[in-house]
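Student: Could you show me how to read a helix, its ends and its partners in a model like this one?

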Amino acid sequence: MTKSAITALFLSAAALSAPAIAQEAAAPATAAPALTPEQAEAQNKAIADFTAAQQAQAAGNHAEVIAKLEPALPTIREIASRDPANVQNAGFLASALTITANSQGALGKIDAIAPLYAEAAPQWTKVYEADKANAGVRNTLVAILVNLGNFNLSKQDKAAAKPNFEQALAIAKEGRATDPASADLANAEFSSLIGLNQSTGEASYLEAAKPVGAELREKGIVSAANQPAVDAILGAA
């Protein structure tokens, strides 16, 4: 595979939105321990700023998203750290990190995306493990993992890229078993296999990607990000 084909596998960060379940997670957990007045005030402000950031993102005002969410992230991290097993709070943090990353990308600050995605991925994993049937969470997590894998490949850090693609591939395959018609999952499986081929050099991943690419082409569901790679391994249609 050529470097240009790899680069094309990057997904559009601006198009990757946080699913509704995570957005709803801004509500405080009902069983949360008593907060100090200072904690309660900070939490309420973080929730309000998060809501305002969502509205700003919907309006395309990415500078306002950053202005609202960056100061709120320390508080949101603290909320999530109070109980690492609390899926609701994990979703709150994951969603805030993802929205921030996407707006940074929309503003052209590409280098800011990967650290935020890397922090968000384990939080999204918690939410996914708690509700594997939620397609929005599943697709967001897979997209973030593929982006992280390709970011690491672009830095020639193949060892760091490999586990991102392995996790993305496992989730995509698991999802396709119950939702075989999903174009997003089919494209994610293809992207992950190509990424694993690039990060390990093992030809078996490339061979496994060929029938998936053929399926994407046959069904007319090849994503714009995957089109160059599909053409590279199957030949131009």
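Tutor: Helices are DSSP runs (H or I, at least four residues), numbered from the N terminus. This is a predicted model, in which local features need pLDDT of at least 70 and side-chain atom pairs pLDDT 80 or more, while totals for chains, interfaces and linings use all residues. Residues are numbered from 1 along each chain as its sequence is written, and side-chain values use heavy atoms, leaving out hydrogens and water.

Student: How many of the residues of H5 are buried?

Tutor: Buried means under 20% relative accessible area, with a 1.4 Å probe and protein chains only; in H5, 17 of its 20 residues are buried, and the helix is mostly covered.

Student: Which residues form an aromatic pair?

Tutor: Rings of Phe, Tyr and Trp (its six-membered ring) pair if their centres lie within 6.5 Å, and planes over 60 degrees apart count as edge-to-face. By this rule there is one aromatic pair: Phe50 and Phe92, edge-to-face, at 5.1 Å centre to centre and 90° between the planes. Phe50 lies in helix H3 and Phe92 in helix H5, so the pair ties together parts 42 residues apart in sequence. Phe50 is buried, with a relative accessible area of 0%, and Phe92 is buried at 2%.

How values were computed
Phe/Tyr/Trp six-rings, centres within 6.5 Å; stacked < 30°, edge-to-face > 60°. Helix = DSSP H or I, 4+ residues; strand = E, 2+ residues; numbered from the N terminus. Buried < 20%, exposed > 50% of the residue type's maximum accessible area, 1.4 Å probe, protein only.
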